Amino acid sequence: QSQLVALLAALHSDCFLVLEELCNFAAKQKVDRSFIQSQQWSSFLFSNKNDLDVINVRSRSLSLRLINSAMNSVGAHLSSTKKWISLIRTYLVPTLCANVTSTIESIIQMAMNIFKALVHRFGHHLVSEVGVLFDSFLLLASSPNSTFQQKLEVLKVLADICSDGRTTVSLFLNY
């Protein structure tokens with residue numbers, strides 16, 4: 001019994017670390033050039049600035065995909081722990097805010113998908129955070145500086161969220 005509890009605690013700790021690091025990777029706006037310059041083969045792999053930009057986009061996109069997968073498939077026990085909710089508040093919400101304003105379509109879509117998962121699966125735990133994200137998405141949709149794709153993605157997500165009557169009522173009452 002105690003070995004099972006210790007194993008479960010270790011697995012939870014690993015999950016928390018993975019989520020935290022994925023959020024850190026997804027929030028990075030630039031590739032760490034000092035690391036790349038320190039590698040002796042970097043001149044062969046990265047011939048120009050565009051290569052670094054591609055790596056940055058792929059890294060952020062992969063991190064967001066993994067976060068999305070984690071948000072959609074996390075178990076009931078782990079998702080109800082205070083530490084998991086705290087990690088979402090501390091790391092994931094700022095990461096979403098940073099990525100939703102991206103001009104890269106795949107990044108915007110993944111950030112919006114994660115927002116949908118947060119509303120549907122964790123909305124009752126994250127009332128104020130969902131409100132902040134909801135407000136920022138509405139500002140993004142109404143901004144003259146937003147691209148058509150950003151506005152379209154916001155509208156798609158809002159339509160999907162509002163397709164559930166309980167979520168719509170919750171959004172109306174809380175925000």
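Let's start with two helices. The axes of helix H6 (residues 82-100) and helix H8 (residues 127-142) come within 11 Å and cross at roughly 5 degrees. Axes here are lines fitted to C-alpha atoms, over the stretch in contact for helices, with angles from 0 to 180 degrees between N-to-C directions. Helices are DSSP runs of H or I, at least four residues, numbered from the N terminus. So H6 is roughly parallel to H8, a label for angles under 35 degrees.

A word on the source. This is a predicted model: local features need pLDDT of at least 70, and side-chain atom pairs count only at pLDDT 80 or more, while totals for chains, interfaces and linings use all residues. Residues are numbered from 1 along each chain as its sequence is written, and side-chain values use heavy atoms, leaving out hydrogens and water.

Who makes the contact (heavy atoms within 4.5 Å)? From H6, Arg 89, Val 93, Leu 96, Cys 97 and Val 100; from H8, Glu 129, Leu 133, Phe 137 and Leu 140.

Next, the rings. The structure holds 2 aromatic pairs. Ring centres must lie within 6.5 Å, using the six-membered ring for Trp; planes under 30 degrees apart are stacked, over 60 edge-to-face, the rest tilted.

Phe 16 and Trp 84 are tilted: 6.3 Å centre to centre, 45 degrees between planes. Phe 16 sits in helix H1 (residues 2-27), Trp 84 in H6, 68 residues apart. Both are buried, meaning under 20% relative accessible area (1.4 Å probe, protein chains only).

Phe 115 and Phe 137 are edge-to-face: 4.5 Å, centre to centre, and 90 degrees between planes. Phe 115 is buried at 0% relative accessible area. Phe 137 is buried too, at 2%.

Methods: Parallel < 35°, antiparallel > 145°, perpendicular 65-115°, else oblique. Contact = heavy atoms within 4.5 Å. Buried < 20%, exposed > 50% of the residue type's maximum accessible area, 1.4 Å probe, protein only.
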